[in-house]
Amino acid sequence: MIIAIDGPAASGKGTIAKYVAQVYGLHHLDTGLLYRAVGKAMLDAGHLLDDTARAIEAAIALDPKQFDENALKLQSVTEAASVVAAIPEVRQALMSYQRQFAMKTPGAVLDGRDIGTVIAPGADVKLFVVATPEVRAKRRVLELKARGEEADEKEVLADLLRRDERDSRRTAAPLKAAPDAHLLDTTHLGIDAAFRAAVAIIEAARTGRKRR
Ligand code: C5P
């Protein structure tokens, strides 16, 4: 079983994806880490983020086994990730890893921006997770503070909106719901309620499939 979970930053998709993977005993890939790793490699090497050739090289050279998730989640890497993610060849270079991951047995949950549209268009279940920007900013601030980072809510909100805009407007695999994705709005849901809602959607989709 392949489950695709897409949505904007801090919508809850990553937390939901981890939980769903645990419930169903599936592998989980946070695909944002791949773009973050390319962005971080560019920053570490002192390359300009619009140096397309270097970004492609960095994407080809990635080794996800070496990822330091804490370092990749730093706010300083976030913006860089969204800039390099708009480069079509960077996306292309990261595609086969994601597709192979999706094919692992007994199945996988992938979360990102283009899983249901590009990486796994044939996924068994697709969720598109959303929440208002204000609620997402509040969640991101809590998350950053828990990691020991300074976080100003207004700045975080501005960053989220800038990223939403860039991720949605780019021509290569923009952030958007697949036509057959189930929308899950977590604005008014706590974590447990969001988990229950996600599992209810997945169960309904699986039962519907079996009946057909
Ligand atoms: O999910 P996360 O916020 O960690 O992703 C960081 C950035 O990576 C996003 O803003 C987006 O530009 C990019 N990304 C993407 N496609 C994915 C996952 C992440 O373009 N599937």
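Reader: Which residues of helix 8 are buried?

Author: This is a predicted model, so take everything here as computed from that prediction. In helix 8, the buried residues are Arg-136, Ala-137, Arg-140, Val-141 and Leu-144. Looking down the axis of helix 8, you'd find those buried residues within an arc of 140°, so they line one face of the helix.

Reader: Why would residues a few places apart in a helix point the same way?

Author: An α-helix has 3.6 residues a turn, so residues three or four places apart point the same way.

Reader: OK, and what's exposed on the other side of helix 8?

Author: Leu-142 and Ala-146 are exposed over there.

Reader: What do the buried residues of helix 8 pack against?

Author: They pack against three helices: helix 2 (32-45), helix 5 (75-84) and helix 9 (153-169).

Reader: How far apart are the end C-alpha atoms of helix 8?

Author: They're 20 Å apart. Helix 8 covers residues 133-146, and at 1.5 Å a residue its 14 residues should span 20 Å, so the two values agree. Just after helix 8 comes Gly-148, with a positive phi of about 85°.

Reader: You mentioned helix 2. How many residues does helix 2 have, and how far does it reach?

Author: Helix 2 has 14 residues and reaches 20 Å from its first C-alpha to its last, close to the 20 Å expected at 1.5 Å a residue.

Reader: Which residues of helix 2 are buried?

Author: Leu-33, Leu-34, Tyr-35, Arg-36, Ala-37, Val-38, Gly-39 and Met-42 are the buried ones. Gly-32 is in helix 2 as well, but Gly-32 counts as partly exposed, at 22% relative accessibility. Just past the end of helix 2, Gly-46 takes a positive phi of about 75°.

Reader: How far is the C-alpha of Gly-32 from that of Gly-14?

Author: The two C-alpha atoms are separated by 9.4 Å, with Gly-32 and Gly-14 sitting 18 residues apart along the chain.

Reader: Switching topic: how much space lies in the largest pocket?

Author: About 890 Å³. The lining of this largest pocket takes in 39 residues, and the closest to its centre are Ala-10, Gly-14, Thr-15, Arg-140 and Glu-143.

Reader: Which elements give two or more residues to the lining?

Author: Helix 1, strand 2 (27-30), helix 2, helix 5, strand 3 (108-112), helix 8, helix 9 and helix 10. Helix 1 gives the most to the lining, with five residues.

Reader: Back to Ala-10. Where does it lie?

Author: Ala-10 lies in the loop between strand 1 (2-6) and helix 1. Its relative accessibility is 11%, so Ala-10 counts as buried. The phi of Ala-10 is near 60°, a positive value in a residue other than glycine.

Reader: Last topic, rings. How many aromatic pairs are there?

Author: The count comes to two aromatic pairs. Tyr-19 and Phe-195 form a stacked one, 3.8 Å centre to centre with 5° between the planes. That pair links distant parts of the chain, 176 residues apart: Tyr-19 is in helix 1 (residues 13-24) and Phe-195 in helix 10 (residues 191-211).

Reader: Is Phe-195 buried or exposed?

Author: Phe-195 is buried, with a relative accessible area of 12%, while Tyr-19 is partly exposed at 28%.

Reader: What about Tyr-97 and Phe-101: stacked or tilted?

Author: Tilted: their rings are 6.4 Å centre to centre, with 45° between the planes. Both residues lie in helix 6 (residues 88-102), four residues apart, which is about one turn of the helix. Tyr-97 counts as partly exposed at 31% relative accessibility, and Phe-101 counts as buried at 9%.

Methods
Residues numbered from 1 in each chain as written. Predicted model: local features only at pLDDT ≥ 70, side-chain atom pairs only at ≥ 80, totals over all residues. Heavy atoms only, no water. Expected span 1.5 Å × (residues − 1). Buried < 20%, exposed > 50% of the residue type's maximum accessible area, 1.4 Å probe, protein only. Arc of directions from axis to C-beta. Contact = heavy atoms within 4.5 Å. Phe/Tyr/Trp six-rings, centres within 6.5 Å; stacked < 30°, edge-to-face > 60°. 1 Å grid on protein atoms, 1.4 Å probe; cavity = no way out; pocket = protein on both sides within 12 Å on 5 of 7 lines; lining within 4 Å. Points joined across faces, edges and corners; volume = space filled by probe spheres on them.
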